[in-house]
Amino acid sequence: VQLQASGGGLVQAGGSLRLSCAASGSIFSINVMGWYRQAPGEQRELVATITSGGSTNYADSVKGRFTISRDNAKNTVYLQMNSLKPEDTAVYYCSSAGVQTWRGRHNYWGQGTLVTVSS
């Protein structure tokens, strides 16, 4: 199983970006997909998660600005980020928890994608 993230870049404060992360491989189902971020010198933190049924969870710092969604048929998760702030600058990582394959159920991380918000 591989997770391929894309969509990061440089944006001015107040702007928008959309991240995508596609999981590939012989996947039967994915329980929870999500996004985490890690700023320089900081620990990795939760941004948002979404279950296969569509239930979402957001960090307080992004509520009302970010929207997570997923396409179960494509095993893809998205993160629409609006009203970006310089403090949103970080490497964003996608995650998939409870990925069911013929090998069993495991968790996976994607490679990070850098989001830089200039003031």
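**Briefing: a predicted, all-strand chain**

Over in β3, Ala22 is the bridge partner of Gln4. The model is predicted, with local features needing pLDDT of at least 70 and side-chain atom pairs counting only at pLDDT 80 or more, while totals for chains, interfaces and linings use all residues. Numbering starts from 1 along each chain as its sequence is written, and side-chain values rest on heavy atoms, with hydrogens and water left out.

**The four-stranded sheet**

- Strands here are DSSP runs of E with at least two residues, numbered from the N terminus, and two of them pair if DSSP finds at least two bridges between them.
- An open sheet is built from four strands in the order β1-β3-β8-β7, with antiparallel pairing.
- β1 (2–6) and β7 (66–71) are the edge strands with a single partner each, so one side of each has no neighbour in the sheet.
- From one strand to the next, the twist averages 15 degrees (axes are lines fitted to C-alpha atoms, and angles run from 0 to 180 degrees between N-to-C directions).

**The disulfide**

- There's one disulfide in the structure, meaning a pair of cysteine sulfur atoms within 2.5 Å.
- Cys21 and Cys94 form it, with their sulfur atoms 2.1 Å apart.
- Cys21 sits in β3 and Cys94 in β9 (residues 90–101), so the pair ties together parts 73 residues apart in sequence.
- The torsion about the S-S bond of Cys21 and Cys94 is about 45 degrees, so this disulfide is right-handed.
- Both Cys21 and Cys94 are buried (under 20% relative accessible area, 1.4 Å probe, protein chains only).

**The whole chain**

- The protein has 11 strands and zero helices.
- Its radius of gyration is 14 Å, which agrees with the value near 14 Å for a compact globule of 119 residues; the radius is taken over C-alpha atoms, and the globule rule is 2.2 Å times the number of residues to the power 0.38.
- Along the principal axes, the C-alpha trace spans about 45 × 25 × 20 Å.
- Buried residues account for 40% of the 119.
- Of the contacts (heavy atoms within 4.5 Å) between residues at least 6 apart in sequence, 54% join residues at least 24 apart.

Definitions and conventions. Buried < 20%, exposed > 50% of the residue type's maximum accessible area, 1.4 Å probe, protein only.
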